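Subject: Structure handover

Hi,

Here is the structure for you to look at. Please open it first, then read my notes below.

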Amino acid sequence: MLAVILLFIDGVGLGEESDHNPWYVRPTPHIDRLLGGRSLVRSAVGQIGSDMVLLETDASLGVPGLPQSATGQATIFTGRNAPKAMGAHQSGLPFQRLRKWVQADNIYLQMERQGWRATFLNCYTPEYFQRPATRRGWVSVSTAALLSSREPVRMLSDLLAGKGVYHDLTRWTLARTIPDVPVIEPETAADHLLDVARQYDLVIHEYFLSDLAGHKQNEELMQTVIDHYDRWLGALVDRKQTDDVIVLVSDHGNSEDIRVSTHTNNPVPTWIIGDAHTWREIPHQKWDLTCIVPLLLRLVEKRRITTS
């Protein structure tokens, strides 16, 4: 089965070619290769070759203030303007009103209505669902959306069987609390994603250490984040099937400006690898986060037609 792969990376805006932008300063050989010698910066926006395009994407969505995680992610997972619906940008984990808004309609439910299959690749530990906060409903937008669907949650057993990927790609943060968990390379994680992708129309992975490193202004963590993500993305592109499509998007800016610990107003990337033209078929006045779900649905539909 041909697959569409959504890579949601938290807190990465399109910043400047400057020494305060780790995505420009740190080595990213795979990203640079894919972008024709450019880093993941605003000046790289445009079509790169015949099958790749980097789009400048509005994360503000017409609402004053700095874009935030809860409403940015809710928009990515639903295709609807969450900050406008909530009346403001909302940070962190979604409050009950936003959770219910996400669970009422999201990419998983829209895929199910079409008879298509989408899955969340991230794996959870049993301990996560035993936490008092989780039991009270304090979960991320991505988790809330998944739990509203018929798609099963991937657990630690799936991770160890190579049927999922941990949020940090290599499991290094998990191994600090569960030492028996083997740490893997980013390239191995890419192989695990692609193995799962053959069974689904859409595969989604969320990576949030980039946002954490930006908030902490932690240059050592940022170096690990950029190195691992560059290798992961390079392996996915090199090893995917020809007609698979990768869509990389972020919810807001942050880690592209190490001078500040807050989010930024920078646009975020929509990086489409494998199909440089379908985005033009999506009705929009300005390319923003509400365009991601319609793009994913159209990409899946086209691949369904190709293989039918």
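What percentage of the 308 residues of the protein count as buried? The figure is 60%. Keep in mind that this is a predicted model.

**Overall shape**

Start with the whole chain. The secondary structure comes to 15 helices and nine strands. Along its principal axes, the C-alpha trace spans about 45 × 45 × 40 Å. The radius of gyration is 18 Å. A compact globule with 308 residues would have one near 19 Å, so the protein agrees with that picture.

Next, the contacts. Take those between residues at least 6 apart in sequence: 71% of them join residues at least 24 apart. The protein exposes about 12,500 Å². Carbon and sulfur atoms supply 49% of that area.

**A nonpolar patch**

Which residues make the nonpolar surface patch of about 280 Å²? They are Leu-93, Phe-95 and Trp-138. Find Leu-93 in the loop between helix H4 (82–86) and helix H5 (96–104). Leu-93 counts as partly exposed, because its relative accessibility is 39%. The cut-offs for that class are 20% and 50%.

**Asn-81**

Now go to the loop between helix H3 (69–78) and H4, where Asn-81 lies. Its side chain makes polar contacts with backbone atoms. The side chain of Asn-81 reaches the backbone oxygen of Leu-61 at 3.1 Å. A polar atom of the Asn-81 side chain also lies 3.0 Å from the backbone nitrogen of Lys-84. What else does Asn-81 touch, leaving aside its neighbours within four places in sequence? Its contacts are Leu-61, Thr-75, Trp-101 and Thr-290.

**Salt bridges**

How many salt bridges are there? The count comes to 21. Here are some to find.

- Glu-17 and Arg-38: their side chains meet in a salt bridge, at 2.6 Å from N to O. The pair links distant parts of the chain, 21 residues apart. Glu-17 is in the loop between strand S1 (4–9) and helix H1 (22–25). Arg-38 is in the loop between helix H2 (29–34) and strand S2 (46–47). Glu-17 is partly exposed, with a relative accessible area of 42%. Arg-38 is partly exposed too, at 32%.
- Asp-238 and Arg-33: these side chains also meet in a salt bridge, at 3.2 Å from N to O. Asp-238 lies in helix H14 (residues 219–239) and Arg-33 in helix H2, so the pair ties together parts that are 205 residues apart in sequence. Asp-238 counts as partly exposed, because its relative accessibility is 49%. Arg-33 has 43%, so Arg-33 counts as partly exposed as well.
- Arg-113 and Asp-105: the closest N and O atoms of this salt bridge are 2.9 Å apart. Is Arg-113 buried or exposed? Arg-113 is exposed, because its relative accessible area is 55% and the cut-off for exposed is over 50%.

One group goes beyond a pair. Asp-275, Glu-281, Arg-298, Glu-301, Lys-302 and Arg-303 are linked in a network of salt bridges.

**Where to begin**

Then look at the salt bridge between Asp-238 and Arg-33. Finish with the patch of Leu-93, Phe-95 and Trp-138.

Best wishes

Notes: Residues numbered from 1 in each chain as written. Predicted model: local features only at pLDDT ≥ 70, side-chain atom pairs only at ≥ 80, totals over all residues. Heavy atoms only, no water. Patch = residues over 30% accessible without salt bridge, like charges linked within 9 Å, V, L, I, M, F, W, Y side chains within 5 Å. Areas by Shrake-Rupley, 256 points an atom, 1.4 Å probe, with all protein chains shown as cover. Salt bridge = Lys/Arg side-chain N within 4 Å of Asp/Glu carboxyl O. Helix = DSSP H or I, 4+ residues; strand = E, 2+ residues; numbered from the N terminus. Buried < 20%, exposed > 50% of the residue type's maximum accessible area, 1.4 Å probe, protein only. Rg over C-alpha atoms; globule rule 2.2 N^0.38 Å. Contact = heavy atoms within 4.5 Å. Polar contact = N/O pair within 3.5 Å; in protein donor to acceptor, adjacent residues only side chain to side chain.
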